[in-house]
Amino acid sequence: MEKLKIGIVGSKFAAMLHAESYKRCSSVHMHSTAAIDNLEEFADRYQIPNRYSDYREMFEKEDLDLVSVCVPNYLHRDVVIAAAEADKKAIICEKPLATSVEDGQEMVKICRDRQVKFMYAEDWIFAPALIRAKEIIEEGGIGDILYVKAKETHNGSHSVFAQQKKYCGGGSMIHLGIHPIGCLPWLTGQDITHVMGMITEGADKNLLHKHYTGEDWAASLVIFENGMRGFVEGNYITCGGMDDTVEIYGTEGNIHIDLTKGSPLTVYSRSGFEYAIEKADFTHGWTCPAVDEFMSLGYVNEITHFVDCVQQDKQPQMGTRGEDGIKALKVTFAIYESAEKGRLIEVS
Ligand SMILES: NC(=O)c1ccc[n+]([C@@H]2O[C@H](COP(=O)([O-])OP(=O)(O)OC[C@H]3O[C@@H](n4cnc5c(N)ncnc54)[C@H](O)[C@@H]3O)[C@@H](O)[C@H]2O)c1
């Protein structure tokens, strides 16, 4: 089979996650990349031959089978629409899908009209620990689910774009909380119908990051369509490395999942070493370094699935279709509305 020609828009953190995962797929060729900075370093590191400072020029000149959109949130709409209008076969868009529900709907419509396969990159859905938890739930191992609690938290974004609401659409909920919001309907088989949110409101109102214009702490109680209760959280005030956990409480048992700190490695180091886990400040003393974050957080399985979808002309699985990205945005913006109005909001 001919290798899929991959184009990556973006050259930094998310682009690296995609490139590391494509590296493990024998049936693809990382063919082209476009970015406004870090272009040569990124392209050299992953041996990508064709390099562009303008993604539109890349779409015009290169015949690509699959485009990874790894740019700041506010550009997702323009890049996805440009790729679709240039008749690229398939597109993967990073989370959140867009900075508004309307933009997300437009992206999905244009891709549908032009018959472009459009995939939403919610990596948690491909995390091995969450896949195993879902199997146990489906086997009846914890009975009926009553309550789920999930969060992604760390000490602040590395990306200047994520720190400004005008570029990202919000703060820690749209950036981090969007993972549990996107994952829980897949995990439980239930959509979120109502939310009761609370956030710090950016700048001076933030707990810690006064120069972020979006919130640095956000949480919401949620109600699912069958009445099940939930709690989702995203915050930028957590020291000690990224903290991604899911707790599921059922009538016959419960499951606790730790995606980031559940390492089988425990290290004591007096001198320190290069890297333990994402966003951890140092590696001295006792640490639990990640063994393979690209795998444990789902990126490798995610990219493998999307590549299969293109090669075998399959639909992406539930939770990773463009429509699922819209659903996650609707919940996120309902949480913002709820926080602003101080009352329960129904997700439209
Ligand atoms: N799934 C995940 O776990 C995960 C993790 C991190 C980031 N993300 C998402 O990935 C996206 C990118 O985040 P990041 O952390 O890599 O951001 P970043 O700030 O580290 O990098 C932004 C990238 O976009 C490129 N860029 C900016 N403007 C551009 C333009 N006009 N044309 C072409 N390229 C342009 C820059 O060159 C850079 O490579 C965001 O939507 C973010 O939410 C997802």
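Start by selecting K205, which counts as exposed at 57% relative accessibility, and bear in mind throughout the tour that this is a predicted model. From K205, move to E201, since the side chains of these two residues meet in a salt bridge with 4.0 Å from N to O; E201, at 47% relative accessibility, counts as partly exposed.

Next, select K279 together with E278, whose side chains also meet in a salt bridge, here 2.8 Å from N to O, and note that both of these residues are buried.

Now turn to E106 and R77, which form a salt bridge whose closest N and O atoms are 2.9 Å apart. Because E106 lies in helix α5 (residues 101-113) and R77 in helix α4 (residues 73-85), the pair ties together parts that are 29 residues apart in sequence. A search of the whole structure finds 25 salt bridges.

For a contrast, select E233 in strand β10 (residues 229-235), a buried residue that has no salt bridge, with the nearest side chain of opposite charge, K151, 5.1 Å away. Among the residues in contact with E233, beyond its neighbours within four places in sequence, are M173, P180 and W217.

Finish at the ligand, where S11, D37, N73, H158 and Y299 come nearest of the 26 residues around it. An N or O atom in the side chain of H158 is 2.7 Å from an oxygen atom of the ligand, while a backbone N or O atom of A14 lies 2.9 Å from a ligand oxygen. The protein covers 91% of the 850 Å² of accessible area that the ligand has on its own.

Notes. Residues are numbered from 1 along each chain as its sequence is written. This is a predicted model: local features need pLDDT of at least 70, side-chain atom pairs count only at pLDDT 80 or more; totals for chains, interfaces and linings use all residues. Side-chain values use heavy atoms; hydrogens and water are left out. Helices (H or I, at least four residues) and strands (E, at least two) are DSSP runs, numbered from the N terminus. Buried means under 20% relative accessible area, exposed over 50%, partly exposed in between (1.4 Å probe, protein chains only). Lys and Arg count as positive and Asp and Glu as negative; His and the chain ends are not counted. Contact means heavy atoms within 4.5 Å. A residue is near a molecule or strand if one of its heavy atoms lies within 4 Å of it. A polar contact is a pair of N or O atoms within 3.5 Å; within protein, one must be able to donate a hydrogen and the other to accept it, and residues adjacent in sequence count only if both atoms are side-chain atoms. Accessible areas come from the Shrake-Rupley method with a 1.4 Å probe; for residues, only the protein chains shown count as cover.
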